[in-house]
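Thanks for coming, everyone. I'll keep this quick. Please have a look at the model on the screen.

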Amino acid sequence: MAKKVLHAVDYLAKPQGHPPRAVCAVFGDESFLRRQSLLRLREAVLGGDEGDFSFSSFEGRGAEFRDVVDELATVAMFGGETRLVVVEDADDFVSRFRPQLEDYVARPSDSGVLVLDLKSFPANTRLYKAVAAEGLLIDCSAPQAAGIVRWLGTWARETHKSVLSQPAAEMLVEMVGPELGLLDQDLAKLALSCGEDKRITPEMVQQSVGGWRAKTTWEMLDAALAGNAPAAMSQLDRLLASGESPVGILGQISASLRRFAAATRLILQAEAAGRPVKLRGALERAGIRSFVLQKAERQLRQLGRQRGDQLYRWLLEADLDLKGASALQPRLILERLIIRLAAPKEAMGVGK
């Protein structure tokens, strides 16, 4: 009996360890994880091609509860004995038929598996708790950066039959951003270009991923951190004119800026405790790789401790604003962040 929510990263790493139950809920804001989880559930329930005869899907906004239940109870003339019924975009369906679904979870059909595909599934509802107790919950929220790096290694091995080193995975996340669908596409291309050892190295990622857009994004960030706002704005113009997503641009630069923020916090906390740390040591502890440490030291000194300590807040504000919290145009939101990064150097830098 399932007792707690399972994150999609863990489910996809070992789906055979978590067999489908009579009612499954796949929910979260990461559409790639939801899509992959649904595919694995379908494979687990139906198996091969003949299982298509035992599969039905409903669009949540127009689906009726009676029709879904009837489909679950219908035995297919061909294929397996178990039916799989998926209600896609089921948020509205759940809202309209919550009491009926609660009753169904308590007494499900013996011949079918019901999968609810949801963007949101609040944990404080009776339905959520019922599925947690009797069914299978798969949380498809976007993982943190460290979780994405771990997932990439497993995904490369299981899906693309290649070996992705941790430094290569970290670089891939930095260059592409936390967009799992895009990461999968680039990973597939890298896997095809591997040698016989099937190893993907940081050098391969550097050379192959992102093309000129990735290069331009890093040039934009480098210019901003060097205090050259006009050059950074010029690179931003190129990216936006090429059709690059503002959310994607922010995602690509956020990983580096979060490491600068973490290093600044380490320095300030150490100083407050009377145990000062060197700037390079703080950057290493924050996850900056050895081959970019010298440049990172220079950039964080230019940024200064006051702005370094504001980075978490600025990144969160930009992320929320790009996702609808502000009436500003996306371009202006990114320009505001660039100006903050490129402001004149403070009188006192970060660390020694």
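One definition before the surface figure: accessible areas here come from the Shrake-Rupley method with a 1.4 Å probe. On that basis the chain exposes about 17,700 Å². Carbon and sulfur atoms supply 52% of that area. Keep in mind that this is a predicted model.

Now the overall picture. The chain has 352 residues, and 48% of them count as buried. Its C-alpha trace spans about 75 × 50 × 45 Å along the principal axes. We have 17 helices and 8 strands. Take the contacts between residues at least 6 apart in sequence: 74% of these join residues at least 24 apart. On charges, there are 46 positive and 45 negative. Their mean positions lie 9 Å apart.

Next, strand S5. S5 runs over residues 112-118. How many of its residues are buried? The count is 7 of 7. In a regular strand the side chains alternate between the two faces of the sheet. Here, Gly112, Leu114, Leu116 and Leu118 point one way. Val113, Val115 and Asp117 point the other way. Note that Asp117 is buried along with the rest.

Which strands pair with S5? One is S2, residues 23-27, parallel, over 5 bridges. In that pairing, Val23 stands opposite Leu114. Another is S4, residues 83-88, also parallel to S5 and also over 5 bridges. There, Arg83 stands opposite Gly112.

On to helix H8, residues 166-176. This helix is mostly covered, with 9 of its 11 residues buried. The buried set runs through Ala168, Ala169, Glu170, Met171, Leu172, Val173, Glu174, Met175 and Val176. So two glutamates, Glu170 and Glu174, are in a buried set. After H8 comes Gly177. Its phi is positive, near 95°.

Last stop: Glu297. This residue sits in helix H15, residues 293-303. Is Glu297 buried or exposed? Buried, because its relative accessible area is 15%, and the cut-off for buried is under 20%. Which residues does Glu297 touch, leaving out those up to four places away in sequence? Leu279, Arg280 and Leu283. With Arg280 there is a polar contact, side chain to side chain, at 2.7 Å.

Methods
Residues numbered from 1 in each chain as written. Predicted model: local features only at pLDDT ≥ 70, side-chain atom pairs only at ≥ 80, totals over all residues. Heavy atoms only, no water. Helix = DSSP H or I, 4+ residues; strand = E, 2+ residues; numbered from the N terminus. Buried < 20%, exposed > 50% of the residue type's maximum accessible area, 1.4 Å probe, protein only. Polar contact = N/O pair within 3.5 Å; in protein donor to acceptor, adjacent residues only side chain to side chain. Contact = heavy atoms within 4.5 Å. Lys, Arg positive; Asp, Glu negative; His and termini not counted. Charge placed at Lys NZ, Arg CZ, Asp CG, Glu CD. Pairing = 2+ DSSP bridges.
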